[in-house]
Amino acid sequence: MHRKILIMGLPGAGKTTLAMALAPRLGAVHFNADEVRKHLNKDLGFSAADRIEQARRMGWLCDQVVKAGCYAIADFICPTPEARQAFLEGGSAFIIWIDRIKHGAFEDTNRLFVPPSHCDVRVTPQGSVEYWREQVAERVRPVFASDN
């Protein structure tokens, strides 16, 4: 198992909020898709192909952190199975689906979004950020304990 964590879901579901709470708990490096687009992936738009490339690059960034022996968290929509596969090119990930809302702010993304067929944790509307941070941390640590 890798120490790579994907927090995915619709825009406005709470991905970044959970990632920001979880990163210090795990001592993880956090990559937010909006920030990565702003600073590194300015060349990418929001076409299906560009979304897949964004996912591939986000996965690669996380893989580099994992190679250094640290946890890496990527928080982004990752809307399609193809995007998720691109994120996983360099290795598997612990997948968290933030399933707290039924529609995000962007209609094109709502139409494009395909719920994942697999996730390790499904975050529902019930429970605080602190609750979900602890639920994830308890599940992640045993998964990654054998990585040392």
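Biologist: Why does C78 count as buried?

Modeller: The relative accessibility of C78 is 1%, and buried means under 20% relative accessible area, while exposed means over 50% and partly exposed lies in between, with a 1.4 Å probe and protein chains only; C78 therefore counts as buried. Please keep in mind that this is a predicted model, in which local features need pLDDT of at least 70, side-chain atom pairs count only at pLDDT 80 or more, and totals for chains, interfaces and linings use all residues. Residues are numbered from 1 along each chain as its sequence is written, and side-chain values use heavy atoms, with hydrogens and water left out.

Biologist: What makes the contact between D63 and K4 a salt bridge?

Modeller: A salt bridge is a side-chain nitrogen of Lys or Arg within 4 Å of a carboxyl oxygen of Asp or Glu, and the side chains of D63 and K4 meet at 2.9 Å, N to O. The pair links distant parts of the chain, with D63 in helix α3 (residues 48–67) and K4 in strand β1, 59 residues apart. Helices (H or I, at least four residues) and strands (E, at least two) are DSSP runs numbered from the N terminus. D63 counts as buried at 9% relative accessibility, and K4 counts as buried at 0%.

Biologist: Why is the pair of R51 and D108 said to tie together parts of the chain?

Modeller: These side chains meet in a salt bridge at 3.7 Å, N to O. R51 lies in helix α3 and D108 in helix α5 (residues 107–112), so the pair ties together parts that are 57 residues apart in sequence. R51 is buried, with a relative accessible area of 9%, whereas D108 counts as partly exposed at 38%.

Biologist: Which residue forms a salt bridge with R122, and how many salt bridges are there by this rule?

Modeller: R122 pairs with D99, their closest N and O atoms being 2.5 Å apart. R122 sits in strand β5 (residues 121–123) and D99 in the loop between β4 (94–98) and α5, 23 residues apart. R122 is partly exposed at 45% relative accessibility, while D99 is buried at 8%. The count comes to 8 salt bridges, and R25, R133 and E134 are linked in a network of them.

Biologist: How do you know that strand β3 pairs with strand β1?

Modeller: Two strands pair if DSSP finds at least two bridges between them, and strand β1 (residues 4–9) and β3 have 4 bridges, in the parallel sense. I7 has D75 as its bridge partner in β3. Strand β2 (residues 29–32) and β3 are also parallel, over 4 bridges, with N32 opposite D75.

Biologist: Which residues touch the most other members of the largest nonpolar core?

Modeller: A nonpolar core is a set of buried Ala, Val, Leu, Ile, Met, Phe, Trp, Tyr and Cys residues joined through side-chain atoms within 4.5 Å. In the largest, with 24 residues, M58, F76, C78 and F87 touch the most other members. Helix α3 gives the most to this core, with 6 residues.

Biologist: Why is the protein described as compact as a globular protein of its length?

Modeller: The protein has 6 helices and 5 strands. The radius of gyration, taken over C-alpha atoms, is set against the globule rule of 2.2 Å times the number of residues to the power 0.38. The protein has a value of 14 Å, close to the 15 Å that the rule gives for 148 residues, so it is as compact as a globular protein of that length.
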